[in-house]
Amino acid sequence: MASAARRHWLLTLGAGALLAGCGFQLRQAPRFAFEAIRVDGGNGTPVTSELRRLLAINGLKVFTPATPTNAEGDLAAQVVLTVLTDQRERVAVGQTAAGQVRELQLRTRFAFRLRSASGRDLIGDTELLLERDLSFNETIVLSKAAEEERLYRDMIADIADQVLRRLAALPAI
C-alpha cells in the first residue's frame, strides 16, 4: 500500500516537472500598454457592455461618452476604441418542404478601430464575426429560445475576449 502511494506521488511529481520543463504556463491576466481607454459608440449593446466590463476588471480606467468631459478626463484616455458595429443576426438556413424552419444560423458581428489620443491608428477597422448553428423545432420553442440566448452569450464573451487579447498585444504607445 505504501509503495502504491509513493508511486502515485512520484508520477505526480514527474508530470509536474515535465509540464514545467516544456514551458507550459497558465494564461495570465493581460497586460496593456496603456492605463486608460475611452470606448465610443455601441452604447448599451451586448458586446460593448461586456468589453467595458472586462476592461475595468483588468484594471483599466474606462471612459465612455456618458463620462463627464473635462480637461483631465480627455487627457487621461490614452487610446480611443470606436465601436463601428455591434449587432446580432438570426437567419433561417434550413426548411422543410412545408416551409417550416428546421435550422437557424446565429451571428454576432462586432467591428471596431483603436486610435491613440493623438488620432494615430493603432488597430485599423477590424470586424469580428462569429456564427453558430441551431436546430429548431416548433414543439420545443421555449427550450430553443433559452439555447439561442446561451449561444449569443457565449459569442459575446468570445468576441470580448478576442478584442481584449488584441488590445493586450499592442506594443508600447
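Helices, taken as DSSP runs of at least four residues (H or I), and strands, taken as runs of at least two (E), are numbered from the N terminus. On this basis, the secondary structure of the chain in this predicted model amounts to 4 helices and 5 strands. Read from the N terminus, the elements follow the order α-β-α-β-α-β-β-β-α.

The chain has 173 residues, of which 33% count as buried. Its exposed surface comes to about 10800 Å², and carbon and sulfur atoms supply 54% of that area. Of the contacts between residues at least 6 apart in sequence, 67% join residues at least 24 apart.

The largest nonpolar core contains 32 residues, and those with the most contacts inside it are I37, L81, V163 and L167. At least two residues of this core come from each of β1 (36-40), α2 (46-57), β3 (79-95), β4 (101-116), β5 (121-135) and α4 (141-168). The element that gives the most to the core is α4, with 9 residues. When neighbours within four places in sequence are left aside, L167 is in contact with F32, F34, I37, L55, L81, L114 and I123. Two of these partners, I37 and L81, are themselves listed with L167 among the residues that have the most contacts inside the core.

Two further positions were considered individually. F63 is found in strand β2, which spans residues 61-63. Its relative accessibility is 14%, and F63 therefore counts as buried, the cut-off for this class being under 20%.

A117, by contrast, is placed in the loop between β4 and β5. Because its relative accessibility is 54%, A117 counts as exposed, a class that begins over 50%. Apart from neighbours within four places in sequence, A117 is in contact with A77, Q78 and V79. For V79, the C-alpha separation from A117 is 5.1 Å, although the two residues are 38 apart along the chain.

The largest pocket has a volume of about 180 Å³. Its lining is formed by R27, Q28, A29 and P30 together with D161, L164, R165 and A168. By class, this lining comprises 4 nonpolar, 1 polar and 3 charged residues.

Key
Residues are numbered from 1 along each chain as its sequence is written. This is a predicted model: local features need pLDDT of at least 70, side-chain atom pairs count only at pLDDT 80 or more; totals for chains, interfaces and linings use all residues. Side-chain values use heavy atoms; hydrogens and water are left out. A nonpolar core is a set of buried Ala, Val, Leu, Ile, Met, Phe, Trp, Tyr and Cys residues joined through side-chain atoms within 4.5 Å. Buried means under 20% relative accessible area, exposed over 50%, partly exposed in between (1.4 Å probe, protein chains only). Contact means heavy atoms within 4.5 Å. Accessible areas come from the Shrake-Rupley method with a 1.4 Å probe; for residues, only the protein chains shown count as cover. On a 1 Å grid over the protein atoms alone, a cavity is a set of points where a 1.4 Å probe fits but cannot get out, and a pocket is an open set with protein on both sides within 12 Å along at least five of seven lines; lining residues have an atom within 4 Å of a point. Grid points are joined across faces, edges and corners, and a volume is the space filled by probe spheres set on the points. Ala, Val, Leu, Ile, Met, Phe, Trp, Tyr, Cys and Pro count as nonpolar, Asp, Glu, Lys and Arg as charged, and the others, Gly among them, as polar.
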